[in-house]
Amino acid sequence: MLILHIDGVGHRFLTRAIAAGRMPHVARLIANEGYEPLEYRCGIPSTTPFCQAGILYGDNHEIPSYRWWDKQAGLLVAFGMGSSFKKVAHRYFQDHEPLTAGGAVIGACYPAGASDTFALAYREPAAGASHMRVLAPFFASPLRVAAWLRHGLWAVAATTASTLRARLSGHPAQRAYVLSDMLEEIFLHHVARYAVHKAMDRGLPVIYAGFYAYDETSHGFGPEDRYSKQMLGHVDRTIGELANSRSGHPGPIADYELVVLSDHGQDETIPFDRADGRTLGEFVAEFLPNFEVKEYKGKTYSPKGDPLDGHVALAYSGGLAHLYFTDISGRLNAGELDRRFPGLLEKVAGVDRVAFVLVEDGSQGTLVSAQGRQPLTGPGAAALLSRYDPETDLLVQQLARLNSYQRSGDMIIFGQVNDGLQINFEHQVGGHGAIGGDQVRPFLLVKREWAIDTTAVKGASDLYPILRDLRDRLRAGPVAPAGLDLVSGSRKT
């Protein structure tokens, strides 16, 4: 089984792209091989580390966002370049059978029991001696290098044009993602695709490979931008190349069955500081004038001339922020916050770009907004949350789960949604990590004959048993079409 993880593509965006003719290779899988794109709910937070843990291990507890502060370890846990998750990884996934045990995991957050990762991890650059067994043969092929350079030159030109167009339209792209897209994601995409070919050549039983170029482009330009849609076409060509490589190819490659999925979607967003140049950290520093407030990623606000009472860490993941008092062990509940910092909850919840703050209270949680405090499971909270997601009961369950994590912030803060645009605590014009919209509705592309149903999938961890069952059925032999007995050829009752 070959699983291609296409980061950041919501189900609605996928189906629209197919209908518009921007993904002809996926369209051919649907028309010629009987595939269908199924929608599922990924859960909260709608971030890659959380969702990928659910898919690969069936367990994503205590992964409260893309980055978080671990009070026990005294460090910021983050993924990508300089990843620190490995320092706390021993606390996670104990006694869980990885989906990819004995297979290959390429460009993912976690090794997930793989026998080979090809030295490629999520958002970590391919450099150094450990990567040379992948990079050396990659660069040894003039055709591969020429394809990479041709795509790179196109990307530089397209990125430059899109940057200028976005600036003229008053919806400027975010520079960090522009540079990342031009210089890093394109290269990593080509290397990861090459590594998939190598894993298939070796006949590894399960291959999971992540491709992130579309997600990074959407962060910089927004998912509705023309360049983001062009990048989706580039991802489609990769899907087509890997799918077509199975046809008529001698050896084990021909035996692979293909699954394509995304972990979350993307929504159009507005950076929090666009209105007046003030970040959330600046507001918090004003409310706590004797604290040093550090944003990840962002600025640091230090007291000037006043005694230092403590440190605050703000860990951002799109429209979600976790606030931690890093000098205080354990997670603070609502009562402790009120006693130590009177009025702070209402001040943060009253910031005009904040939708609400979620805090622990010994039960399911308390939701604090500009309208006051409500029990998370009460009718007042349901009325507020219905603005963000029509499946209010499910949203309450998912928020209660996030609020139960001991590694969640002392305060969990969600950005407003104004005119369909999510307030983003990071410098992004497309984002995910919070609630509502396309960000929580990714896709699973599978054959109809496998009879897979995702209507009961309410979180990414619910995909794990479905994919594990499919893996085991494929290992046992050809999978019968839904309701068909392969031995007799008759329909099962």
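User: Which residue just after H1 takes a positive phi?

Analyst: This is a predicted model, where local features need pLDDT of at least 70, side-chain atom pairs count only at pLDDT 80 or more, and totals for chains, interfaces and linings use all residues. Residues are numbered from 1 along each chain as its sequence is written, and side-chain values use heavy atoms, without hydrogens and water. Helices (H or I, at least four residues) and strands (E, at least two) are DSSP runs, numbered from the N terminus. The phi is about 80°, and the residue is glycine 21.

User: Within what arc do the buried residues of H1 fall?

Analyst: Buried means under 20% relative accessible area with a 1.4 Å probe, protein chains only. In H1 (residues 11-19) these are His11, Phe13, Leu14, Ala17 and Ile18. The arc is taken from the directions from the helix axis to the C-beta atoms. They line one face of the helix, because seen down the axis they fall within an arc of 165°.

User: Which residue caps the N-terminal end of H8?

Analyst: H8 covers residues 226-244. A side-chain oxygen lies 2.8 Å from the backbone nitrogen of tyrosine 227. The capping residue is aspartate 225.

User: Which residue in S16 stands opposite valine 357?

Analyst: Strands pair if DSSP finds at least two bridges between them. S13 (residues 354-359) and S16 (residues 411-415) pair in the antiparallel sense over four bridges. Opposite valine 357 stands isoleucine 413.

User: Which are the edge strands of the open sheet of eight strands?

Analyst: The order is S10-S9-S11-S12-S16-S13-S14-S15, with mixed pairing. Each edge strand pairs on one side only; they are S10 (300-301) and S15 (372-375).

How values were computed
The expected span of a helix is 1.5 Å times one less than its number of residues. A polar contact is a pair of N or O atoms within 3.5 Å; within protein, one must be able to donate a hydrogen and the other to accept it, and residues adjacent in sequence count only if both atoms are side-chain atoms. Buried means under 20% relative accessible area, exposed over 50%, partly exposed in between (1.4 Å probe, protein chains only).
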